[in-house]
Amino acid sequence: MRKIRSVSSLPSDGMPPVRLSVVRDNSQSRDRLGAILRDMGAISAEGLVYALHMQAQQATNLGDLLVAQGQISEDTLMRALSVQFDTPILDAASRDPDPTLTDLLGAERCIALRCMPWCHAGAVTVVATPRPDQFEQCRPELEAALGPVVPALISEKFLHDTILRLRRTWLTLWAESCVARQESCRTMPFGGVRIWLGGGGLALLAVTIFQPQAVFLALTLIASVFLALSASLKLAAAIAALSRMSHPDPAQTGAVVDLVQRRKPVVSILVPLYKEPETVPRLVTRLARLTWPRNLLDVLLIVEENDHETRQALDRAGLPRWMRVVPVPDARLKTKPRALNYAMLFARGTLIGVYDAEDAPEPDQIHRVVSCFQNGPANLACVQGVLDFYNPRSNWLARCFTIEYASWFRVILPGLQRLGLAVPLGGTTLFFRRDILERLGGWDAHNVTEDADLGIRLARHGFYTQLLDTVTYEEANCRAISWVKQRSRWLKGYAITWLVHMRDPRALWAQLGAWRFFGVQVLFLGTLVQFMLAPLLWSFWLVLAGLSHPFVDAFPRGVLVAFIGLFLLSEAVNLSVGIVATRARHHRHLRLWLPTLHGYFPLAVLAVYKALWELVSAPFYWDKTTHGTHGAALDAVAVHGQS
């Protein structure tokens, strides 16, 4: 018969004993967990058979599966594990653990290992863990830091709560600085950037006053070079993408069938929310459409702890068991990547996904993502889905934004991947192998385009990003002022990312190689230069319209003809890419609006100069985009079968 008794261990420092309770069974302390739970009356024999059948298909242990399905409580699981491993249960009424022992491992490492040093007991250190089955794997690292160790059981929630209570400040700082210094913008000398930009701008202004024609010619030449490079790369990417459509990658064709032969992993989804309580009900409904097994789905809704309105909305939402709220401790820096880093500590999955609060993913999306990882190469670190908008008919700006996104996610990015270039990631519908993401330190908490930066860091470290033709719908930013603010943040992030990775150009060249190094220059520096100098190029529309141009006589006739030819060729490439990108039936109505993009991209010129100003005045400022005004438009969209 199993009996419960209390055990006290006297710490070597003379403090009061730590109260432990342990379930003893003299006959079968090493039974299988299922048998122990059955003998305890916690689960029926039929329920156990079914659970074991489910476990054979899933990369999860039996206890977690039963708790996730609601068949047993976490307390019942702890009691059964105590019997199985002959290990005491740490009593919540015990005194606090010794925080200096936690510091020997680091609070973030304790969470990752699910092991927290609690106290000394004679010559050994008691280590609390909710995973006694994994304790032996952790023992070498634990003993290297702590000496001889013995396990004690603790619930995962109690473990997290204790670490947060004792080392909250440390974890907050870690979330802001987990990326290596040489790869993070937090160590960038923005004072020097300010001096260079300010000095360069004043020098350019002075030269322009005395030699306006020379300055115009030089800047036009620079803009023309980047225009030619960008158009060439875009054309090559489009051709590569079309080739990919004819001959899809093997990883894209594995579909769901292959999962029957492999164990399904736990997938954690990180969803940051900030001051958007109105999106909560729709978000919960949309994520509930995902068809991935609920006991393998771990959704973390991330919210700043002082965002009381959003937290109250989450409290009212009646979240299912597989969703949980992760409050991020208050700090001066409030950015999406910081929140993602913090929440990742508490994720349970071996795959980590990211959605935005207004997203509506296709129901079978996670099935396809997992299949892509299972069929992909060993260095596959990230799967990027396609982003589309569910409100393209809201107004003209929404239509143009939808065309731009379709061109980027359906043509350009797949083409870049097929060309072997580094892929700048989008901010959502991203899925990562957790071990690789942790190895790289997660996201740069200070970078306002943390997604594009992470794509470059993945490439620098030899990892591969796969574009997957599965769609997530989100809301198009269709108000001009809000659009300019959002685009200025993206362009500022592009500038910061380029500065960070070009801090040591030789190292970047060595890690990426010449071809991908060239791609980074065209994608990041080229984008910035083109928008900055676009008004010079647009001025030549005067010539095409038969009007006079103040500096046209400075160009030899052959050069002028070549330049205008380049300009028209670039426009032809943009239109062709747009036509290919809008080939899907639900996008064809947008083709009529392709010529109006000439009035759309000038908004980005306003955005780039706003970005340059913020680069020197507020490099880490996150200009939050407001969403939720067109959520009802999703009701008219079938969120499947359009990818």
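This talk walks through one predicted protein model, from the whole chain down to single residues.

First, the ground rules. Because this is a prediction, local features need pLDDT of at least 70 and side-chain atom pairs count only at pLDDT 80 or more, while totals for chains, interfaces and linings use all residues. Residues are numbered from 1 along each chain as its sequence is written, and side-chain values use heavy atoms, with hydrogens and water left out.

Now the overall picture. The chain has 23 helices and 14 strands. Those are DSSP runs numbered from the N terminus, with at least four residues of H or I for a helix and at least two of E for a strand. Of the 643 residues, 54% count as buried. Buried means under 20% relative accessible area, exposed means over 50%, and partly exposed lies in between, with a 1.4 Å probe and protein chains only. The accessible surface comes to about 27300 Å², by the Shrake-Rupley method with a 1.4 Å probe. Carbon and sulfur atoms hold 60% of that surface. On to contacts, meaning heavy atoms within 4.5 Å. Among contacts with a separation of 6 or more, 78% join residues 24 or more positions apart.

Next, the sheet. Which strands form it, and in what order? There are 8 strands in an open sheet, ordered E9-E8-E7-E10-E13-E12-E14-E11, and the pairing is mixed. Strands E9 (323-328) and E11 (360-361) stand at the edges, each with a single partner strand, so one side of each is left without a neighbour in the sheet. Two strands count as paired if DSSP finds at least two bridges between them. Strand E8 (residues 297-304) runs parallel to E9, and 6 bridges join them. Within that pair, Glu304 stands opposite Val328 in E9.

Helix H15 (residues 365-375) touches E7, E8, E10, E11, E12, E13 and E14. The direction of H15 makes about 175° with that of E14. Helix H16 (residues 396-418) also packs on the sheet, touching E12 and E14. The direction of H16 makes about 155° with that of E12. For these angles, axes are lines fitted to C-alpha atoms, for helices over the stretch in contact, and angles run from 0 to 180 degrees between N-to-C directions.

Now helix against helix. Take H18 (residues 450-460) and H19 (residues 480-501). Their axes are 9 Å apart, at an angle of about 25°. That makes H18 roughly parallel to H19. The cut-offs are under 35 degrees for roughly parallel, over 145 for roughly antiparallel, 65 to 115 for roughly perpendicular, and oblique for the rest. The crossing of H18 and H19 is right-handed. On the H18 side, the contact is made by Ala452, Asp453, Ile456, Arg457 and Arg460. On the H19 side, Tyr494, Thr497 and His501 take part.

How many residues of H18 are buried? The count is 11 of its 11. Just after H18, Gly462 takes a positive phi of about 85°.

H19 also meets H23 (residues 602-617). Their axes come within 7 Å and cross at roughly 55°. H19 and H23 are therefore oblique to each other. This crossing is right-handed. Residues of H19 in the contact include Trp483, Leu491 and Leu499. Those of H23 include Leu603, Ala607 and Leu615.

Two single residues next. Ala240 is found in helix H10 (residues 212-246). At 9% relative accessibility, Ala240 counts as buried. Its C-alpha is 7.8 Å from that of Pro414, 174 residues apart along the chain. Leaving out residues up to four places away in sequence, Ala240 touches Gly415, Arg418 and Leu419. His160 is in helix H8 (residues 156-177). Is His160 buried or exposed? It counts as buried, because its relative accessibility is 10%.

Last stop, strand E5 (residues 124-129). Here 5 of the 6 residues are buried, so E5 is largely enclosed by the rest of the structure. E4 (residues 116-121) pairs with E5 in the antiparallel sense over 5 bridges. The two form a hairpin with 2 residues between them, and Gly122 in the turn has a positive phi of about 70°. E5 also pairs with E6 (residues 149-153), in the parallel sense, over 5 bridges. Val127 links both pairings: its bridge partner is Pro117 in one and Pro151 of E6 in the other.

How values were computed: A crossing is left-handed if the near helix is turned anticlockwise from the far one by less than a right angle, and right-handed if clockwise.
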